[in-house]
Amino acid sequence: MTPRSALNRTLLALAGLVFLGGGLLILFAGLDLYRRHDLAPPAGWPLTTPADVLLGSADRARWSSQGWWWWPAVIAALVLTALLALWWLLAQLSRHRPGSLPVGGTPPQEGVELRDRALSEAIANEAGALPGVGHAAVVITGRPARHRTRTRTRTRIDLTLTPEGTPGATLGALCEGPIGTARRSTGLIDMPAEVRLQVSRHGPHRVE
């Protein structure tokens, strides 16, 4: 798991807990479950009966008496929260691609360039021809490395195995074949690769 994916899962888990807690709080109050089931909510617990509101008249008057800055501050906080949520969503949808990669270790600005899509197709074609592989899809993300030992690109390979394919043999052939060829051709010896395996569905065999 990468640090980015761990952060995303943590944020999603926290947001899910907040929305779940708020939904249960409103549900218990709206259905009047505390009174129906003789439950005693903690002291100061908000929304305990269907007639309760989140911000009562006394609270609104108390906050309004703080000065003119109160409502602009609330609006600014809501706008900032919405912008941060939109930025996070766009960051998840967008995927950084290196664009061009060096060939044979030569820097792109001085030598030949190789487009990341072309390299992805070459790896996918070679991986799809391996024994026991029915389909292969490759995506290269990140930024091109400035040094051979400090790569910022990552290769994600999705393989669909046939029922006769074995994961161990397929991974070994993949590392020695397509991945090794790509690393040698670009000079990115330490370029990490993430491989996801799944088995294609097949119908039951009928024996007569």
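Start by selecting α6, which supplies three residues, the largest share of the lining of the largest cavity. Helices here are DSSP runs of H or I with at least four residues, strands are runs of E with at least two, and both are numbered from the N terminus. You're looking at a predicted model, where local features need pLDDT of at least 70, side-chain atom pairs count only at pLDDT 80 or more, and totals for linings use all residues. Numbering runs from 1 along each chain as its sequence is written, and side-chain values use heavy atoms, without hydrogens and water.

Next, show Ile-123, Thr-155, Ile-157, Ile-179, Ala-182, Arg-183, Met-191, Pro-192 and Ala-193, which line that cavity. β4 (150–161) and α6 (167–186) are the elements giving two or more residues to this lining. The cavity's volume is about 40 Å³. (A cavity is a set of points on a 1 Å grid over the protein atoms alone where a 1.4 Å probe fits but cannot get out; lining residues have an atom within 4 Å of a point. The volume is the space filled by probe spheres set on the points.)

Now for the salt bridges: there are three, each a side-chain nitrogen of Lys or Arg within 4 Å of a carboxyl oxygen of Asp or Glu.

- Pick Asp-32 and Arg-35, paired at 2.5 Å, N to O. Asp-32 is buried at 10% relative accessible area, while Arg-35 is exposed at 57% (buried is under 20%, exposed over 50%, partly exposed in between, with a 1.4 Å probe and protein chains only).
- Move to Arg-156 and Asp-158, whose closest N and O atoms are 3.9 Å apart.
- Finish at Glu-194 and Arg-196, bridged at 3.1 Å, N to O.

Conventions
On a 1 Å grid over the protein atoms alone, a cavity is a set of points where a 1.4 Å probe fits but cannot get out, and a pocket is an open set with protein on both sides within 12 Å along at least five of seven lines; lining residues have an atom within 4 Å of a point.
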